Amino acid sequence: MARREEEIRDLVSSSRFLVIGGAGSIGQATAREIFKRDPKLLHVVDISENNMVELVRDIRSTIGYGTGTFETFSIDCGGREFEALMAGGEGYDYVLNLSALKHVRSEKDPFTLLRLIEVNILNTIKTIHLTRDKGAKRYFCVSTDKAANPVNMMGASKRIMEMFLMRESATMNISMARFANVAFSDGSLLHGFNQRFAKRQPISAPSDVRRYFITPQESGELCMMSCLFGGNRDIFFPKESEELRLTTFSDIAVRFVRSYGFEPYMCESEDEARHRAAELIAAKQWPCYFFKSDTTGEKDFEEFFTDKEALDFDRFANIGVIVNPDAHDPAKLDMFLAEIAAIRTSVTWDKRRVVELFEAMIPEFEHLDKGKYLESRM
């Protein structure tokens, strides 16, 4: 990226940007990357008022001020307020959508699951149409590594979102990014380590689940690069390296505890970890409970692409690119929207009906409900 810095600055400083979902961990990192290159205009939209306040405080306390316009709006991108913002403004050159429901636990019931579909798929379609009508040059949307060979409804929702983006690419330039877990991002298990440590509580983690991790800054850089330099329908992902390798959560937990001057103490059960917490912590040992994963939606390892996707490893030094053809199934996409609309207007909502719809959209997706979810874990 350093070799393109002058080109990046020229593009950013002469352009107008809209960041949707800009108060989340990835959204804040992306907004920072854009802001520090002095854009002509940067608008940030997010439903989280408190996180938006922190974004502004963070930027003012580190980067300071620029010559362009910087405004934030604590509104829902799926609501009437967002429509009014779009109708009244001059439009944007680049639109980056970082809004997402990202937790595997979101699939445990039909109510949260329908909300996941609304945020990850329906709002994406809506914001594309609104920003395209205002003349945007490019629409970027973050996907997830869990969209490659998905095993849970969250990853499958992002895969279906990618299908809709392929259709929209016929009338607007669209790019995406799949990447790993952002280390210590809001709501993540690693963020939970910080919370447990601050509250003097045990640390719990699966010992058999391996994940890739990148820093918040790396996530922001990858999103910005895909938005600025991605070809139509391209999906960017980080190349594997010594720094980017599969790591278990339990290994990270051990290093985390030791970094604070404690030695991890391996407990045999959740009860032991809870009951001995005060005693162990006083002795400079931290209670840890590691277990084999047995909850719905967990994948043993993560991957950025499938063996059916065309890859370009030569374009960038540290970024790989999935090059997608102009291909989609209009009838299948229309069927999905019609079925979701029918489910939402039903008096009662049935999760199995949604699962079957996802399986129809992604034939290789086989949803395995183990009857146990992450909320049953400490």
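The largest nonpolar core of this predicted model holds 85 residues. Phe82, Ile117, Ile121, Phe336 and Phe358 touch the most other members of this core. Helix α6, residues 153–168, gives the most to the core, with 9 residues.

**Nonpolar cores**

- Leaving aside neighbours within four places in sequence, phenylalanine 336 is in contact with Ile117, Ile121, Ile160, Phe164, Leu357, Phe358 and Met361.
- In soluble globular proteins, nonpolar side chains tend to be buried together.

**Aromatic pairs**

- The count of aromatic pairs comes to 18.
- Phenylalanine 236 and phenylalanine 316 have ring centres 5.3 Å apart. Their planes stand at 50°, so this pair is tilted.
- This pair links distant parts of the chain, 80 residues apart. Phenylalanine 236 belongs to strand β11 (residues 235–238), while phenylalanine 316 is in the loop between β15 (310–312) and β16 (319–323).
- Both phenylalanine 236 and phenylalanine 316 are buried.
- Phenylalanine 237 and phenylalanine 305 have ring centres 5.2 Å apart. Their planes are at 50°, so this pair is tilted.
- Here too, the pair links distant parts of the chain, 68 residues apart. Phenylalanine 237 sits in strand β11, and phenylalanine 305 sits in the loop between β14 (285–291) and β15.
- Phenylalanine 237 counts as buried because its relative accessibility is 2%, under the 20% cut-off.
- Phenylalanine 305 has a relative accessible area of 25%, so it is partly exposed.

**Aromatic cluster and charges over rings**

- One aromatic cluster is formed by Phe193, Phe197, Phe256, Tyr260, Phe262 and Trp286.
- Arginine 200 lies over the face of phenylalanine 197, at 5.8 Å from the ring centre.
- Arginine 4 lies over the face of phenylalanine 229, at 4.6 Å from the ring centre.

**Helix α9**

- Helix α9 covers residues 249–259. Its buried residues are Phe249, Ser250, Ile252, Ala253, Val254, Phe256 and Val257.
- Glycine 261 follows α9 and has a positive phi, near 85°.

**Cysteine 227**

- Helix α8, residues 216–229, contains cysteine 227.
- Cysteine 227 has 1% relative accessibility, so it counts as buried.
- Apart from neighbours within four places in sequence, cysteine 227 is in contact with Tyr94, Leu96, Arg138, Phe140 and Ser175.
- Cysteine 227 and phenylalanine 256 are 29 residues apart in sequence. Their C-alpha atoms are 34 Å apart in space.

**Overall build**

- The secondary structure of the protein chain comes to 13 helices and 16 strands.
- The C-alpha trace spans about 60 × 50 × 40 Å along its principal axes.
- The chain has a radius of gyration of 21 Å. This agrees with a compact globule of 378 residues, which would have a value near 21 Å.
- Buried residues make up 52% of the 378 residues.
- Take the contacts between residues at least 6 apart in sequence: 77% of them join residues at least 24 apart.
- The protein chain exposes about 16900 Å². Carbon and sulfur atoms supply 49% of that area.

Methods
Residues are numbered from 1 along each chain as its sequence is written. This is a predicted model: local features need pLDDT of at least 70, side-chain atom pairs count only at pLDDT 80 or more; totals for chains, interfaces and linings use all residues. Side-chain values use heavy atoms; hydrogens and water are left out. A nonpolar core is a set of buried Ala, Val, Leu, Ile, Met, Phe, Trp, Tyr and Cys residues joined through side-chain atoms within 4.5 Å. Buried means under 20% relative accessible area, exposed over 50%, partly exposed in between (1.4 Å probe, protein chains only). Helices (H or I, at least four residues) and strands (E, at least two) are DSSP runs, numbered from the N terminus. Contact means heavy atoms within 4.5 Å. Rings of Phe, Tyr and Trp (its six-membered ring) pair if their centres lie within 6.5 Å; planes under 30 degrees apart count as stacked, over 60 as edge-to-face and the rest as tilted. A charge sits over a ring if NZ of Lys or CZ of Arg is within 6 Å of the ring centre and within 35 degrees of the ring normal. The radius of gyration is taken over C-alpha atoms; the globule rule is 2.2 Å times the number of residues to the power 0.38. Accessible areas come from the Shrake-Rupley method with a 1.4 Å probe; for residues, only the protein chains shown count as cover.
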